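Dear colleague,

Please find below the structure I promised to hand over, followed by my notes on what was found in it. I would be glad if you read the two side by side.

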Amino acid sequence: MEIASRASLDQEIYLRGLTGYLVGKNLFDGYKRIAIITYPDRICSSMASATISSFLSKGNYKDESARVFLYDENKLGEIIKEIIKYNPDILFIAYGGEQKLSYVSDITKKTIEELMKNNYNKALAIHVRTWLATKQLSNIDQNLLNYLKSLPEIRLFTADAQNKKFFFHKVKIEGNIKLEKFKEENITDEHANLLKISIPPQ
């Protein structure tokens, strides 16, 4: 694993606790049953766990309100079928903690392709590092973009560490790709400072 971040591993994990709290609190507004597909490393797993904990704390602590699925390239088709069987209202693609952005881009495309092949037709949410890795979805081919456009909704969160803000958007694919902000949160100095030193491997 190549490390580019200036944050220590314990800082990276704590950062995912802070971020997951805000994501679980805001990104899934209106949805009652969520699924997260994440990469099986320490940082991504921390993010998934914190996100679910926050989501459940909003009156969603019920059987099967949330579930985590781990990316496995050799079993991706089976995993996507399991996600569809679980029948979430929204699926959160949460890749990007310890992996190179080029690899994150590659596995994101493979995941979307399998979702399309298996006729997943619910809402989708995207992690900011997944968004950055795919160059704001610009390096995804037109066939996959057309599929994404057909979904009922795509959501995304982004961060502005300099101005201490988290933003929550709806992604609109209409010729070009536009973001429509539906919520924002102020973040603490501590959260902003950790974001500034957390740099994904290139």
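Strand S5 (154-160) and strand S6 (residues 165-174) run antiparallel and are joined by 6 bridges, where strands (E, at least two residues) and helices (H or I, at least four) are DSSP runs numbered from the N terminus, and two strands pair if DSSP finds at least two bridges between them. Please keep in mind that this is a predicted model, in which local features need pLDDT of at least 70 and side-chain atom pairs count only at pLDDT 80 or more, while totals for chains, interfaces and linings use all residues. Residues are numbered from 1 along each chain as its sequence is written, and side-chain values use heavy atoms, with hydrogens and water left out.

S6 and S7 run antiparallel and are joined by 10 bridges, and Lys-172 has Lys-178 as its bridge partner in S7.

These strands belong to an open sheet of 7 strands with mixed pairing, whose order is S2-S1-S3-S4-S5-S6-S7. Strand S2 (66-70) and strand S7 (176-186) stand at the edges with a single partner strand each, so one side of each is left without a neighbour in the sheet. From one strand to the next the twist averages 25 degrees, with axes taken as lines fitted to C-alpha atoms (for helices over the stretch in contact) and angles running from 0 to 180 degrees between N-to-C directions.

Strand S3 (residues 90-94) is accordingly listed as mostly covered, with 5 of its 5 residues buried.

S3 pairs in the parallel sense with strand S1 (residues 34-38) over 5 bridges, and Ile-37 stands opposite Ile-93 in S3. S3 also runs parallel to strand S4 (residues 123-126), to which 4 bridges join it, and Phe-92 stands opposite Ala-125 in S4. Together S3, helix H4 (residues 101-117) and S4 make a right-handed β-α-β unit; a crossover is right-handed if, with the strands pointing away from the viewer, the path from the first strand over the helix to the second runs clockwise. Gly-97 is found in the loop between S3 and H4 and counts as buried at 10% relative accessibility. Ala-123, in strand S4, is buried with a relative accessible area of 2%.

**Pocket and cavities**

The largest pocket holds about 310 Å³ of space. Of the 17 residues that line this pocket, the closest to its centre are Val-128, Arg-129, Ala-159, Leu-195 and Ser-198. On a 1 Å grid over the protein atoms alone, a pocket is an open set of points with protein on both sides within 12 Å along at least five of seven lines, a cavity is a set where a 1.4 Å probe fits but cannot get out, and lining residues have an atom within 4 Å of a point. Grid points are joined across faces, edges and corners, and a volume is the space filled by probe spheres set on the points. The pocket lining divides into 11 nonpolar, 3 polar and 3 charged residues (Ala, Val, Leu, Ile, Met, Phe, Trp, Tyr, Cys and Pro count as nonpolar, Asp, Glu, Lys and Arg as charged, and the others, Gly among them, as polar).

The structure also holds 2 cavities of 30 Å³ or more. The largest cavity has about 60 Å³ of space, and its lining includes Ala-94, Gly-97 and Arg-129; helix H2 (residues 42-56) gives the most to this lining, with 3 residues. The second largest cavity has about 30 Å³ of space, and Ile-93, Leu-124 and Trp-131 are among the residues that line it. Its lining divides into 6 nonpolar, 3 polar and no charged residues.

With best regards

Terms used: Buried means under 20% relative accessible area, exposed over 50%, partly exposed in between (1.4 Å probe, protein chains only).
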